[in-house]
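Please keep the sequence and the model open while reading the points below.

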Amino acid sequence: MESTSLAKINILSKDIIRSFPISNHDNNNNNNNNVDHPKNYKLSFFDQIALQMHVPCVLFYPLKYSTSPKISIIHEQLQQSLSKLLTHVYPASGRFSSDAQSINCHDEGLLYIKAKVDSQFCDFLKDAQKDIDLALNFCPKINRNDSNLSLTPLVVVQVTEFACGKGLALSLSAEHAVIDGFTALKFVYEWSKVSKMGINKINCFTFDDFGTIFPPTSDNHLLKRVESPRDDHVKMVARRFVINQSVISKLREHVGVVYFRPSRVELVIAFLWSALINIFQRKNNGRMRPCLLSVPVNLRGKIDFPRYENSFGNFAIEVPVKFIPGETGMELKDILLLIKDVIQKTNISFEKSSDDIYTLASKFHKEIQEWEENEQVDVCMASSLCRFPINEADFGWGKPCLLSLGLRRSDMFWLYDTPCGSGIIVQVDLKKDYMDMFGCDKDVLSFICDE
C-alpha cells in the first residue's frame, strides 16, 4: 500500500512578503531597524566562490489542538514576523543586480508559499524516520533564471499544512551565493524569536562591507566551480544516524591517547570519513585512491574582529583535507590527526590580515577545484552545524521534531546537535550504491544506528 506520506502537495497561494513599515516611535528607539539602509549591498569574494544555487532546509513541527492556533493564524503570525525581520535583514528582500555583483535592496520581497498535503503527520514522521528523502517533497520548487538572476527571490519560504491539522512543514530556501549556512539558520532562528515573542527590536546581523574588504576576483579559473558537482544520472539518497554521548565516549576510547582532547565533532567526522574511505576502496575493487574531505569552516569568531561574529552573507572557507595512500594510515587515530593538523594550521592563519585570509581562501579553493576535476580522486564534504540553535527555532507552538538539510547533490555529512545537546545527529548524503555499503558496514553499525 502506498504511504500516505507521498500524497501530492497542493500549492494554495504565493505571496510576496516585504519589510514591515516602521513608525517614527519604533525608529527612534531602534536605530538598527533603519529604513534608510543602503540601497545596494556589494557581494564579496566569499559570495562569488560560493555555490550558485538555492539550498533548502525543512523543519517539521507537531501541532497540538489544545495549544496551537489555527493554520490561518499561524500564517498571519509567520508573515508578520517575517516582515518585521526583513526590515533589519534588508538584503534578503532584495534581488541580484544586472551584473550579479551586488544586491539591489529595494524591498522586492521574498516569496511565501502556502501549501497543504493530504497526509497524516504521524504517518509521515514514521516513514521519514526510515526515509528522510521524503522531506524533499516539502522544499519549494525554485525556478532559478541563470540568464537573469534578478527575477528570482533570494529567499523562498514554503509552509505546508498536513490534512490532519496535527503538524506542519516549514521550509526556507536561500540563495547560497548571498546567504551561507550560518546566515540561513540564524535567519530562521531569529525569525522564530520575533514570531514567538512579538519583538520589534531586532539586531541579529551586521552588514559589513565585505565587498570592499574581500573584493570579488577576476580570475576566471577560480570561478569555474560555481555549480554543485552533481551527476544528475547518479541517484543520491540520504539517511539519518544518531551518535549519542556514550558512542562518542567509545570513539574517544578507540582513538586512545593523542596530544589533544578531540572534540565530539572532530571524532565523528574522522570516524565517518574513515568509514567512507574504506567504502571507496571496496567500490574500487580494493584499490585505495586519494580522497579529499572538504570542511567548511565558519570564519566568524575565528578572526580577531568582534564585529564579524554576526556578519550577514558568506563568510566561511572550505578547508581541503587530503588523504593520500601511503602517507596517512587508515586507523581512526591517523585520520583524526590528519584532520586536526590541517584545521589547526588553518586556524593559525586566520589570525593574520585580511589579505592573508583572501590568499588562503583562494589557494584552498583552487586545490579543491583541482581535486574535484581529477577522476582518480574521491571527494566528499563534512559540514558541522553543531551549536547552531536550529533545534531551538520555536515560532510559538513548540520546537521542531525533524530536520532535513540540502538537496542531496554530493557525497557529504551534515552534523547537528541532538535536542538534548550532548549527542550528534548525522544526515549522510551519498550515491545510492555507496549508501547501500555504508548502511551495512560493520564498523558503522558497531558505533551508530538509525534514528
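The numbered points that follow go from the whole chain to single residues.

1. The structure is a predicted model. Across the protein chain the pLDDT averages 89, and 90% of the residues score at least 70. Confidence is highest in strand β7 (residues 155–162), at 98, and lowest in helix α1 (residues 24–29), at a mean of 44.

2. Two stretches call for caution. Over residues 24–34 the pLDDT is below 50, and the model gives this stretch 15 contacts beyond near neighbours in sequence. Residues 226–230 also stay under 50, with 14 contacts beyond four places in sequence. Where pLDDT is low, the predicted coordinates should not be read in detail.

3. As to overall composition, the protein chain has twelve helices and 16 strands. Of its 451 residues, 53% count as buried. The chain exposes about 20200 Å², of which carbon and sulfur atoms supply 50%. Among contacts between residues at least 6 apart in sequence, 79% join residues at least 24 apart.

4. Which residues have the most contacts inside the largest nonpolar core? They are Trp273, Leu415 and Phe438, in a core of 66 residues. Helix α8 (residues 264–283) supplies the largest share of this core, 13 residues. Apart from it lies another core, of 57 residues, which includes Leu78, Val155, Ile179 and Phe205. In soluble globular proteins, nonpolar side chains tend to be buried together.

5. Leaving aside residues up to four places away in sequence, Trp273 touches a set of residues including Cys291, Leu292, Leu293, Val321, Phe323, Ile335, Cys380 and Phe413. Lys322 is also among the residues that Trp273 touches.

6. Helix α5 (residues 181–197) has 17 residues and reaches 24 Å from its first C-alpha to its last, close to the 24 Å expected at 1.5 Å a residue. Is this helix enclosed or open to the outside, judged by its buried residues? Twelve of the 17 residues of α5 are buried, so the helix is largely enclosed by the rest of the structure. Among them are Phe182, Leu185, Phe187, Val188 and Trp191, and also Lys186 and Glu190. The buried residues of α5 pack against β3 (54–62), α3 (71–88), β6 (110–117), β7, β8 (167–175) and β10 (291–298). Just after α5, Gly198 takes a positive phi of about 65°.

7. Arg408 is placed in the loop between β13 (402–405) and β14 (412–417). With a relative accessibility of 2%, Arg408 counts as buried, because the cut-off for that class is under 20%. What polar contact joins the side chains of Arg408 and Asp133? The two side chains are joined by a polar contact of 2.6 Å.

8. Two residues have a positive phi although neither is a glycine: Ala100, at about 60°, and Asn285, at about 55°. Ala100 is found in the loop between β4 (95–96) and β5 (102–104), and is partly exposed, with a relative accessible area of 29%. Asn285 belongs to the loop between α8 and β10, and is exposed, with a relative accessible area of 75%.

Conventions: Residues are numbered from 1 along each chain as its sequence is written. This is a predicted model: local features need pLDDT of at least 70, side-chain atom pairs count only at pLDDT 80 or more; totals for chains, interfaces and linings use all residues. Side-chain values use heavy atoms; hydrogens and water are left out. Helices (H or I, at least four residues) and strands (E, at least two) are DSSP runs, numbered from the N terminus. Buried means under 20% relative accessible area, exposed over 50%, partly exposed in between (1.4 Å probe, protein chains only). Contact means heavy atoms within 4.5 Å. Accessible areas come from the Shrake-Rupley method with a 1.4 Å probe; for residues, only the protein chains shown count as cover. A nonpolar core is a set of buried Ala, Val, Leu, Ile, Met, Phe, Trp, Tyr and Cys residues joined through side-chain atoms within 4.5 Å. A polar contact is a pair of N or O atoms within 3.5 Å; within protein, one must be able to donate a hydrogen and the other to accept it, and residues adjacent in sequence count only if both atoms are side-chain atoms. pLDDT is the predictor's confidence in each residue, from 0 to 100. The expected span of a helix is 1.5 Å times one less than its number of residues.
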